Amino acid sequence: MLQIKDLEARVVDGAPILKGISLTIKAGEVHAIMGPNGSGKSTLSKIVAGHPDYEVTSGTIEYEFNRKPKDLLTMAPEDRAREGVFMAFQYPVEIPGVSNSVFLRAAFNEICRYQGVEEMDPIDFDTFLKEKMKLLEMDPAFVDRYVNVDFSGGEKKRNEILQMAIMSPRLSFLDETDSGLDVDSMRIVADGVNKLRSEHNAIVLITHYQRLLNYIKPDVVHVICDGRIVRSAGPELALEVEERGYDWLAA
Amino acid sequence: MNVSSVYEAVTARRNGAAPDWWRRLRAEGLERFEYLGLPTVRDEEWKYTNVRTIADTEFGLCGSVGEADLNVFATQRTQGIAELVFVDGLYSAEASRLDTLPEGIRVDRFEDALDRDPDRLQACLTRAAVSDADAFTSLNIALLDNGVLIRADADATCTTPIQLTFITTAAAEHALMSPRVLIDAGINSRLAVVESHVSQTDASYMTNHLTDILIGRGGQVEYCLLQSQGSAAVHVGTTRVWQEADSRLEAFALETGAALGRQNLVIQIEGAGAHASLDGIYLLHEGQHLDNHTSVVHHQPSCTSDQLYKGILNGASRAVFNGKIFVERDAQMTNAYQLNRNLLLHPKAKVDTKPQLEIYADDVRCTHGATIGQLDDEEIFYLRSRGIEETSAITMLARGFAAEVLGRVSGEETVKMLKGCLDGYFFEYARRGDA
């Protein structure tokens, strides 16, 4: 589904951050990416999503949908989203004056339009939305609140997964979705993600902690240090990192 | 501009049918205007707004009245309880509706008021001394002709808006329209008035309106002004308010039209315990210049005023905001708040904003501020990452920016109209792209 080859990237006109990342993700898989602060984990997900602050200096990202490979790097961020690429933000953005329901319905209908499916009217969408909110144990009052404004850290992260549930992406990068969550919120968020998991989609978990991986079992764990993947292995790698840190891998 | 010839034309149109005080008032207005002349940028009040184009244009009275199509303005008027329509400066009986007013509420054209209640009309028209009037106010007084007097007797209530619609058509090319509105809200009465200035022409013309609002003790007035003039129009407008004790004013202005626009709002709070809120949104495209000057004068103690004006600017356009709060010596326990915020959607858009406080009392709470900013790139990316195309993302964020001001309007019909006007602005924004 996603094939990243020798990806090198930096903040526009800044120092290199990614120094040759290669990664292949297939439908149905869950990958975890771990690594110390500043190693390039978040940069990788932002580049996949098309964040304009970063520029790719070499390498390719190929995204395959219905056996049609596409060069992700030439696509606008909104087109990537419409093609089924999703990123849950590490720091979800607050949008004063725009209600959650207006925002979510706009996002949902953009995808419908793009995929040639009929748009949903406000009443049907409301029912659909409330159903998805139950999945994340969210208070229905959240539909009328401004996007992420005055949300707690946990509520913001749940709202990200709610967006994932609404948009039903094929490839999701969850950027430190577990950071700042208490145990209960972590369980709710993880349950939500597990319910969205299927053989047709793939999920990439970017995390500092092994704890999330107790709830969402990865197929592969990668460790990134200084812009390179230094080790890829099964779930046991996460346990090892938990115990020994990253130094032994960076060397 | 040759004002005396327009003055003579107005006199001729009336054919002498006006009382002496009316003629005297107009003469005083003319004298005052000729004494002051048009303001220049050397005048502090007009520092950022150059009106030389008015001096250079030969504006006259509108010779003939065009055909107005009210349906064109469906989103720029409220479905009011009554509607008075003026086309190219003249009253249109066939377009107006006036039959269903609640008891104690009266809406009269000046012609009718002169017959029925000339004393009241005179009292309202002469509430402020001509010798205090600025140039455009005295110009309006000099050209006094058509107008509306809205009255609420003591305790009378009408919360569905009375709609005043001033339409300009192509027939008004090079014409000067001088609408005059008087709102006289009696003790403990309640009134809602929407004043829409709209256009169906891109011809050059000028509107110079003057609206006076008198709110008696305990009275409440919701007043909404919509300025949606034609793309080549000059619009100057002044609304003056006098508030008695325990009265309440909710003033709202939405300005989106005209090549050159200047809106003045002057509120005199003359009784204790009164409240004034004055909110506004101005929406500009390429080439427009819109100026808002507001002034709230707290004369008496224990009053509050609350002001939020927001501007959205696209293209090479320019907005000016100047908001003054005066707290006089006797106005202890005043609580006054003022904020002006501007959102620039284009690198060539420009705003000059100046909030001003003058406080002569010692026990008051006054805060004011102004901001000028652009949309946050991170917010735009967030929306794009959810499949929302860039222009829609910008529109959604800019609407969010405006939502706070709209949220302060209480009238349902008025909110509907204002939303429709915002839709129109953003539709145009999307059509033009970011140019």
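Strands here are DSSP runs of E with at least two residues, helices are DSSP runs of H or I with at least four residues, and both are numbered from the N terminus; two strands pair if DSSP finds at least two bridges between them.

Both strands belong to an open sheet of 10 strands in chain B, whose order is β2-β1-β5-β8-β10-β12-β14-β16-β18-β20 and whose pairing is mixed. At its edges stand β2 (90-91) and β20 (365-374) of chain B, each with a single partner strand, so one side of each is left without a neighbour in the sheet.

## An enclosed antiparallel pair

Strand β3 (residues 105-109) of chain B has 4 of its 5 residues buried, so this strand is largely enclosed by the rest of the structure; buried means under 20% relative accessible area, exposed means over 50%, and partly exposed lies in between, with a 1.4 Å probe and protein chains only. The partner of β3(B) is strand β4 (residues 147-152) of chain B, to which 5 bridges join it in an antiparallel arrangement, and within this pair B:I105 stands opposite B:A152.

## Conventions of the model

Residues are numbered from 1 along each chain as its sequence is written, while chains are lettered from A and ligands numbered from 1 in the order in which they are written. Because the model is predicted, local features need pLDDT of at least 70 and side-chain atom pairs count only at pLDDT 80 or more, whereas totals for chains, interfaces and linings use all residues, and side-chain values use heavy atoms, with hydrogens and water left out.

## The interface of chain B and chain A

The contact, defined by heavy atoms within 4.5 Å, takes 18 residues from chain B and 31 residues from chain A. The area buried between the two chains is about 1900 Å², with carbon and sulfur atoms giving 65% of it; buried area is the accessible area (1.4 Å probe) that two parts lose on being put together, summed over both. Of the area that chain B buries against chain A, 40% is supplied by B:F381, B:Y382 and B:R386, more than by any other three residues.

Across this interface there are 9 residue pairs in polar contact, with both residues at pLDDT 80 or more; a polar contact is a pair of N or O atoms within 3.5 Å, where within protein one must be able to donate a hydrogen and the other to accept it, and residues adjacent in sequence count only if both atoms are side-chain atoms. On the side of chain B that touches chain A, the elements giving two or more residues are α7 (377-384) and α8 (390-406) of chain B, and α8(B) gives the most, with 7 residues. The residues of that side divide into 8 nonpolar, 4 polar and 6 charged, where Ala, Val, Leu, Ile, Met, Phe, Trp, Tyr, Cys and Pro count as nonpolar, Asp, Glu, Lys and Arg as charged, and the others, Gly among them, as polar.

On the side of chain A, A:Q163 is placed in helix α5 (residues 153-167) of chain A and is buried, with a relative accessible area of 1%. The side chains of A:Q163 and B:R386 are joined by a polar contact of 2.5 Å. Leaving aside its neighbours within four places in sequence, A:Q163 is in contact with A:F86, A:F103, A:L104, B:Y382 and B:R386.

## Salt bridges between and within the chains

The count over all chains comes to 39 salt bridges, a salt bridge being a side-chain nitrogen of Lys or Arg within 4 Å of a carboxyl oxygen of Asp or Glu. Between chain B and chain A the count is 2, and A:E78 forms a salt bridge with B:R384, with the closest N and O atoms 2.6 Å apart.

Within chain A, A:E110 forms a salt bridge with A:R82, at 2.9 Å between the closest N and O atoms. A:E110 lies in helix α3 (residues 100-114) and A:R82 in helix α2 (residues 77-82) of chain A, so the pair ties together parts that are 28 residues apart in sequence. A:E110 is buried at 9% relative accessible area, and A:R82 counts as buried at 11%. A network of salt bridges links A:D79, A:R82, A:E110, A:R113 and A:E119.
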